[in-house]
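Subject: Structure for you to look at

Hello,

Here is the structure I said I would hand over.

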Amino acid sequence: MKHYVYILYSASHDVYYKGYTVDYNQRLKDHNLGKSKYTAGKGPWELVYVELLPTKREALIRERQLKKQNRAYLEWLIQQEKNIIRESGK
């Protein structure tokens, strides 16, 4: 099983959301359908960053790290090569 951390962006609220998942495409759909308490009503959400990690434990640690980061770091990170979204041209 693959483990991912992801960052979503809401232009309507100018806010980022960070999370962990095993299926980032489905997770994006869930957020846009209001199935997450924090993100409900703040969309539409756009997937701007995805990072693959080797284990669930490492992904959860990375998610916790991302949640502590400031906006400038997140915007820098989104431009990095380890961003799966950037690699795939999405």
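Predicted model: local features only at pLDDT ≥ 70, side-chain atom pairs only at ≥ 80, totals over all residues.

Aromatic rings

A pair of aromatic rings is described by the distance of the centres and the angle of the planes. The count here comes to six aromatic pairs. In one of them, the ring centres of tyrosine 17 and tyrosine 38 are 5.7 Å apart and the planes meet at 25 degrees, so this pair is stacked; planes under 30 degrees apart count as stacked. The two residues come from distant parts of the chain, 21 residues apart: tyrosine 17 is in strand S2 (residues 15-21), while tyrosine 38 is in the loop between helix H1 (24-32) and strand S3 (45-53).

Tyrosine 17 also pairs with tryptophan 45, this time edge-to-face, with 6.4 Å from centre to centre and 65 degrees between the planes. Because tyrosine 17 lies in strand S2 and tryptophan 45 in strand S3, this pair ties together parts that are 28 residues apart in sequence.

Are these residues buried or exposed? Buried means under 20% relative accessible area. Tyrosine 17, at 14%, therefore counts as buried, and tryptophan 45, at 5%, is buried as well. Tyrosine 38, at 42%, counts as partly exposed.

Together with Tyr6, the residues Tyr17, Tyr38 and Trp45 form one aromatic cluster. The charged end of lysine 42 sits over the ring of tyrosine 38, 3.7 Å from its centre, and the charged end of lysine 67 sits over the ring of tyrosine 17, 5.1 Å from its centre.

Helix H2

Helix H2 covers residues 56-67, which is 12 residues. From its first C-alpha to its last it reaches 16 Å, close to the 16 Å expected at 1.5 Å a residue. Which residues of H2 are buried? They are Ala59, Arg62, Glu63 and Leu66. Seen down the helix axis, the buried residues of H2 fall within an arc of 105 degrees, so they line one face of the helix. The buried residues of H2 pack against strands S1 (3-10), S2 and S3, and against helix H3 (71-78).

Glutamate 63 is one of these buried H2 residues, with a relative accessibility of 16%. Beyond its neighbours up to four places away in sequence, glutamate 63 touches Val5, Lys18, Gly19 and Tyr20.

Nonpolar cores

The largest nonpolar core has 13 residues, and Ile7, Tyr16, Val48 and Tyr49 touch the most other members. S1, S2, S3, H2 and H3 are the elements that give two or more residues to this core. Apart from it lies another core, of 12 residues, including Tyr4, Leu8, Trp45 and Ile85.

Threonine 21

Threonine 21 is in strand S2 and is buried, with a relative accessible area of 8%. Threonine 21 and valine 5 are 16 residues apart in sequence, yet 6.3 Å apart in space, C-alpha to C-alpha. Leaving out neighbours within four places, the contacts of threonine 21 are Lys2, His3, Tyr4, Tyr6 and Arg27.

Regards

Technical notes
Residues numbered from 1 in each chain as written. Heavy atoms only, no water. Phe/Tyr/Trp six-rings, centres within 6.5 Å; stacked < 30°, edge-to-face > 60°. Helix = DSSP H or I, 4+ residues; strand = E, 2+ residues; numbered from the N terminus. Buried < 20%, exposed > 50% of the residue type's maximum accessible area, 1.4 Å probe, protein only. Lys NZ or Arg CZ within 6 Å of the ring centre and 35° of its normal. Expected span 1.5 Å × (residues − 1). Arc of directions from axis to C-beta. Contact = heavy atoms within 4.5 Å. Core = buried A, V, L, I, M, F, W, Y, C linked by side-chain atoms within 4.5 Å.
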